[in-house]
Amino acid sequence: MWVMLLARMPAEPARFRMALWRELRRAGAVPVGQSAWCLPRSAVVDALVERAQELADVAGGELVVLDVSGHREADAFALHSRHRAQREQEWAEFAADADKYLAELDHEEEIGKFTLAELEEEEQSLERLRRWYRDLRSRDLLGTEAGNEAGAHLKRCEARLETYAEHVYEAVRGR
């Protein structure tokens with residue numbers, strides 16, 4: 001079962017349309033047409049629908065919310081495939097960024113840059129990856145395999161930072 005949101009928002013000011021679009025995207029909604037979005041039915045969707053309705057009301061727009069399942073099995077499969085493809089693309093971007101993070105730590109090790117300032121910067125980068133992971137996980141409502149792989153990837157980043165931190169502390173103590 002899916003939830004479809006059909007929105008009609010005023011053209012101006014654009015900030016209302018953009019706020020609704022960002023809210024739907026953040027929740028993992030799949031665009032299926034102009035001003036039409038679908039999400040898998042779940043407990044978190046009800047809160048999103050409320051928020052979307054508030055945004056539409058404030059803008060003087062209109063929001064129609066429908067429960068849909070697809071007229072044919074192929075229709076439901078198409079929605080599922082779109083949702084999965086969108087999540088897979090986001091997880092691929094996350095994995096690429098995590099790989100860059102690991103390469104950065106390797107580079108710092110290679111050049112012997114073992115400073116507390118660099119460690120703090122790398123900790124902030126890891127925290128950004130963690131936030132991004134949580135955001136992606138919250139909208140991966142169907143649980144993709146790429147999401148599971150990303151969790152393992154994040155653990156590798158955490159372990160790699162731990163090793164780098166140990167080297168920084170050894171270097172600081174050795175001075």
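Which strands does helix α2 (residues 43-59) lie across? Select α2, then β1, β3 (36-40) and β4: the helix lies across those strands, running at about 155° to β4. (Axes are lines fitted to C-alpha atoms, for helices over the stretch in contact, and angles run from 0 to 180 degrees between N-to-C directions.) Helices (H or I, at least four residues) and strands (E, at least two) are DSSP runs, numbered from the N terminus.

Before you go on, know that this is a predicted model, where local features need pLDDT of at least 70, side-chain atom pairs count only at pLDDT 80 or more, and totals for chains, interfaces and linings use all residues. Residues are numbered from 1 along each chain as its sequence is written, and side-chain values use heavy atoms, with hydrogens and water left out.

**Stop 1: the sheet**

Show the strands. There are 4 in an open sheet, ordered β2-β3-β1-β4, with antiparallel pairing. At the edges sit β2 (30-33) and β4 (62-68), each of which pairs on one side only. From one strand to the next, the twist averages 30°. Two strands pair if DSSP finds at least two bridges between them.

Now pick β1 and β4, an antiparallel pair with 7 bridges. Click valine 3 and look across to β4: its bridge partner is aspartate 67.

**Stop 2**

Move to β2 and β3, which pair in the antiparallel sense over 3 bridges. Proline 31 has tryptophan 37 in β3 as its bridge partner. Next, select serine 35, found in the loop between β2 and β3. Serine 35 has a positive phi of about 65° although it is not a glycine. Most residues other than glycine have a negative phi, and most peptide bonds are trans.

For the peptide bond, jump to glutamate 12 and proline 13: a cis bond joins them, with omega about -5°. Proline 13 is in the loop between β1 and α1.

**Stop 2**

(Ala, Val, Leu, Ile, Met, Phe, Trp, Tyr, Cys and Pro count as nonpolar, Asp, Glu, Lys and Arg as charged, and the others, Gly among them, as polar.)

**Stop 3: α3 against α4**

Now select α3 (residues 73-111) and α4 (residues 116-139), whose axes come within 11 Å and cross at roughly 170°. So α3 and α4 are roughly antiparallel to each other too. Show side chains where they meet, including Trp91, Phe94 and Tyr101 in α3 and Leu129, Trp132 and Tyr133 in α4. The contact of α3 with α4 divides into 10 nonpolar, 2 polar and 11 charged residues.

**Stop 4: the largest pocket**

Finish with Ala7, Arg8, Met9, Arg17, Met18, Leu20, Trp21, Leu24, Ser35 and Trp37, which line the largest pocket. On a 1 Å grid over the protein atoms alone, a pocket is an open set of points where a 1.4 Å probe fits, with protein on both sides within 12 Å along at least five of seven lines; lining residues have an atom within 4 Å of a point. The largest pocket holds about 170 Å³ of space, and α1 gives the most to its lining, with 5 residues.

Note on methods: Points joined across faces, edges and corners; volume = space filled by probe spheres on them. Contact = heavy atoms within 4.5 Å. Parallel < 35°, antiparallel > 145°, perpendicular 65-115°, else oblique.
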